[in-house]
Amino acid sequence: MDSAARTELEAAAFRRLISHLRDRTDVQNIDLMNLAGFCRNCLSNWYKGAADDKGLEMDRMTAREIIYGMPFDEWKAKYQTEATPRQQAAFAEMTKGADH
């Protein structure tokens, strides 16, 4: 497989992941963090980092809107729930000593 084909496949898989996360608004970021060690905000940070690496101007909130499919504040108002004590404890344990 050549580099261009690989890039196309990676981009398609990334778009599918973003679409899936947009459809699964019931899955909270803290759930993703606790289970996988990354969340929608991480993806938006990585997206912004890739833009930065290419010399493209992009602020954090624009990157989040790309990942969430809407302004971040709108997504939070519609879909974000309060983290339970159990979720918070799992997150604290998972991030102990980590830079998140």
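Leaving aside its neighbours within four places in sequence, which residues is Ala-63 in contact with? Select Ser-44, Lys-48 and Met-58: those are the partners, where contact means heavy atoms within 4.5 Å. Before moving on, note that this is a predicted model, in which local features need pLDDT of at least 70, side-chain atom pairs count only at pLDDT 80 or more, and totals for chains, interfaces and linings use all residues. Residues are numbered from 1 along each chain as its sequence is written, and side-chain values use heavy atoms, with hydrogens and water left out.

Stay on Ala-63 for a moment. Its relative accessible area is 0%, so Ala-63 is buried (under 20% relative accessible area, with a 1.4 Å probe and protein chains only).

Next, colour helix H4 (residues 60–68), where Ala-63 is found; helices here are DSSP runs of H or I, at least four residues, numbered from the N terminus. Show helix H1 (residues 3–23) as well: H1 and H4 pack at an angle of about 80°, with axes 8 Å apart. That makes H1 roughly perpendicular to H4 (65 to 115 degrees). Display Phe-14, Ile-18 and Arg-22 of H1 with Glu-65, Ile-66, Ile-67 and Tyr-68 of H4 to see the contact.

Finally, go back to Asn-41. Together with Asn-29, Ile-30, Cys-39 and Gln-80, Asn-41 lies nearest the centre of the largest pocket, which 18 residues line. Helices H2 (29–36), H3 (40–53), H5 (72–79) and H6 (85–94) each give two or more residues to that lining. A pocket is an open set of points on a 1 Å grid over the protein atoms alone, where a 1.4 Å probe fits, with protein on both sides within 12 Å along at least five of seven lines; lining residues have an atom within 4 Å of a point.

Conventions. Buried < 20%, exposed > 50% of the residue type's maximum accessible area, 1.4 Å probe, protein only. Axes fitted to C-alpha atoms, helices over the stretch in contact; angles between N-to-C directions. Parallel < 35°, antiparallel > 145°, perpendicular 65-115°, else oblique.
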